[in-house]
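This report looks at one helix and at a residue pair that links it to another part of the chain. Please have the sequence and the 3D view ready while reading.

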Amino acid sequence: MKTDGRLARMLHVLVHMGLLGGRETSERIAQMLNTNPVVVRRTLGDLRDHGIVASEGGRGGGWKLIKPLEEVTVLDVQRALNAGLILPAPVSHDHPSCPVEKASNAIIQAAHAAAEQQLVTRYAETTLAQIADMALGESRTLSPVTSV
């Protein structure tokens, strides 16, 4: 199963936009991400709907970050891309009356719920400015997670 890499890709794009200022076209962003401009427009449209970016058509138009990097968290971007769980539990529903399946599902769901809460907390406290600082070699504001 292919994983959804939109969060990492959009964090990458947004931090670049914040560091460079100005606007970027869908075509230019698509080149950076090695994808199609339609995919970029659809994905950035979700971010626009959540007040993270704005778009302007015509000559000189494009996408721009409308909030400072300090005001956008990883969770903001995650929620703009997907309102569901970050880490859905892979449970089975093949035998709903089986006590072993019920017990297995309960263990998996409890573990995933705990991990989900840790992810939400970490995403909520991490800003795009911290990612930018880390990328620029100023990792004093964000230390990588060493244990979960």
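In this predicted model, the buried residues of helix H5 are covered by parts of the chain that include helix H1 (6-20) and helix H4 (74-81). Those buried residues of H5 are Glu101, Asn105, His112, Glu116, Val120 and Tyr123. An α-helix has 3.6 residues a turn, so residues three or four places apart point the same way.

Glu116, which lies in helix H5, is buried yet has no salt bridge, since the nearest side chain of opposite charge, that of Arg79, is 4.6 Å away, whereas a salt bridge requires the atoms to be within 4 Å. The side chain of Glu116 does, however, reach the backbone nitrogen of Ile86 at 2.9 Å.

Ile86 is found in the loop between H4 and H5, and it counts as buried because its relative accessible area is 18%, where buried means under 20%. The C-alpha atoms of Ile86 and Val120 are separated by 8.0 Å, although the two residues are 34 residues apart along the chain.

The table lists contacts of the two residues, leaving aside neighbours within four places in sequence.

| Residue | In contact with |
|---|---|
| Glu116 | Leu85, Ile86 and Leu87 |
| Ile86 | Leu75, Gln78, Arg79, Glu116, Leu119, Val120 and Tyr123 |

Methods: Residues are numbered from 1 along each chain as its sequence is written. This is a predicted model: local features need pLDDT of at least 70, side-chain atom pairs count only at pLDDT 80 or more; totals for chains, interfaces and linings use all residues. Side-chain values use heavy atoms; hydrogens and water are left out. Buried means under 20% relative accessible area, exposed over 50%, partly exposed in between (1.4 Å probe, protein chains only). Helices (H or I, at least four residues) and strands (E, at least two) are DSSP runs, numbered from the N terminus. Contact means heavy atoms within 4.5 Å. Lys and Arg count as positive and Asp and Glu as negative; His and the chain ends are not counted. A polar contact is a pair of N or O atoms within 3.5 Å; within protein, one must be able to donate a hydrogen and the other to accept it, and residues adjacent in sequence count only if both atoms are side-chain atoms.
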